[in-house]
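Student: I have the sequence and the 3D structure open. Please take me through one part of it closely.

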Amino acid sequence: GREVFVLADTTFGACCVDEVGAAHRDADAIVHYGRACCSPTSRTPARFVFDQSPIDVDDAANSIRAHAASLGVGTSAARPKALVVIADQEYFWASAALRMRLASTSGAEGEDLEVIVAEAVNVEVDPVRSGGVRSVASEGRERVGASVFATTSGASREECAYVWLGKEGPAMTHAMLVLSDVCERFGGVAQYNPDVGGGVKTEADGANETARALKRRRFLIAKAKEAQVVGIVAGTLGVAGYQEMISNLRRLIADSGRKSYTIVAGKPN
């Protein structure tokens, strides 16, 4: 007696749960298939189902171990306390197997360096009906995109080196932007591409593009600081806490002596 509808061609980013579209049919739940930003929903329970791409777990583990052993060796650079592997969503399915394979090779050179495979965020999301904003980190765990991790040694985010497990793309660029200020001392974010194999690249494929994006972000931040009138564009009505975030922005802008206008972009043409 249940009806099932397929939602496609969302107006905004395909990574967001289309709560507005589902609300047109008074849906009880949503299954979001494919890439997801994993933002909390505000009205409807959701479940994320990620793509699954092939990966040679043995080659990945051996490459990551070799990279861990080489960090800080034979150079004047500081040695990190841990190496964190952050996988793209299409390789989440292999995270447990990779974690076990890395544990079985822990007796190799570089065993003093803790190697952590980040976990996926919870794939079942209950709506935050209170409209409040929740912290992305909980119980001492850090979050980068749809991945969360914590070190058993208590190493801070700044004391870790990072490897991106996946191809070049928007998800990798996002992770590199998030980590840009904390991993420069260890040479930036490295990369293992399962489609290519053959070891970890110390400089990820998108490093130059990310550097340009980071410079543009800093330029735009500086430009926003100089603005006397600030526009707040609400491009979503389905992510939990958006009303509270708009209220906070209005208050901050008013406290700085400037004006703000709020624009809700429902269906841009």
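Predicted model: local features only at pLDDT ≥ 70, side-chain atom pairs only at ≥ 80, totals over all residues.

Tutor: Helix H2 covers residues 57–70, and helix H3 covers residues 95–104. Their axes come within 9 Å and cross at roughly 50°. An angle between 35 and 65 degrees is neither roughly parallel nor roughly perpendicular, so H2 is oblique to H3. The crossing of H2 past H3 is right-handed.

Now find the residues that touch. From H2, the contact uses Val 57, Asp 58, Ala 60, Ala 61, Asn 62, Ile 64 and Arg 65. From H3, Ala 97, Leu 98, Arg 101 and Leu 102 take part. Sort these contact residues by type: 7 are nonpolar, 1 is polar and 3 are charged.

Next, look at strand S3, residues 82–87. How many of its residues are buried? The count is 6 of 6, so S3 is mostly covered, with buried meaning under 20% relative accessible area. Check each face in turn. Ala 82, Val 84 and Ile 86 lie on one side, and they are buried.

With strand S4, residues 114–117, S3 pairs in the parallel sense over 4 bridges. There, Ala 82 has Glu 114 of S4 as its bridge partner. With strand S9, residues 160–165, S3 pairs in the parallel sense over 6 bridges. At Ala 87, the bridge partner in S9 is Leu 165.

Methods. Residues numbered from 1 in each chain as written. Heavy atoms only, no water. Axes fitted to C-alpha atoms, helices over the stretch in contact; angles between N-to-C directions. Helix = DSSP H or I, 4+ residues; strand = E, 2+ residues; numbered from the N terminus. Parallel < 35°, antiparallel > 145°, perpendicular 65-115°, else oblique. Left-handed = near helix turned anticlockwise from the far one by under 90°. Contact = heavy atoms within 4.5 Å. Nonpolar A, V, L, I, M, F, W, Y, C, P; charged D, E, K, R; others polar. Buried < 20%, exposed > 50% of the residue type's maximum accessible area, 1.4 Å probe, protein only. Pairing = 2+ DSSP bridges.
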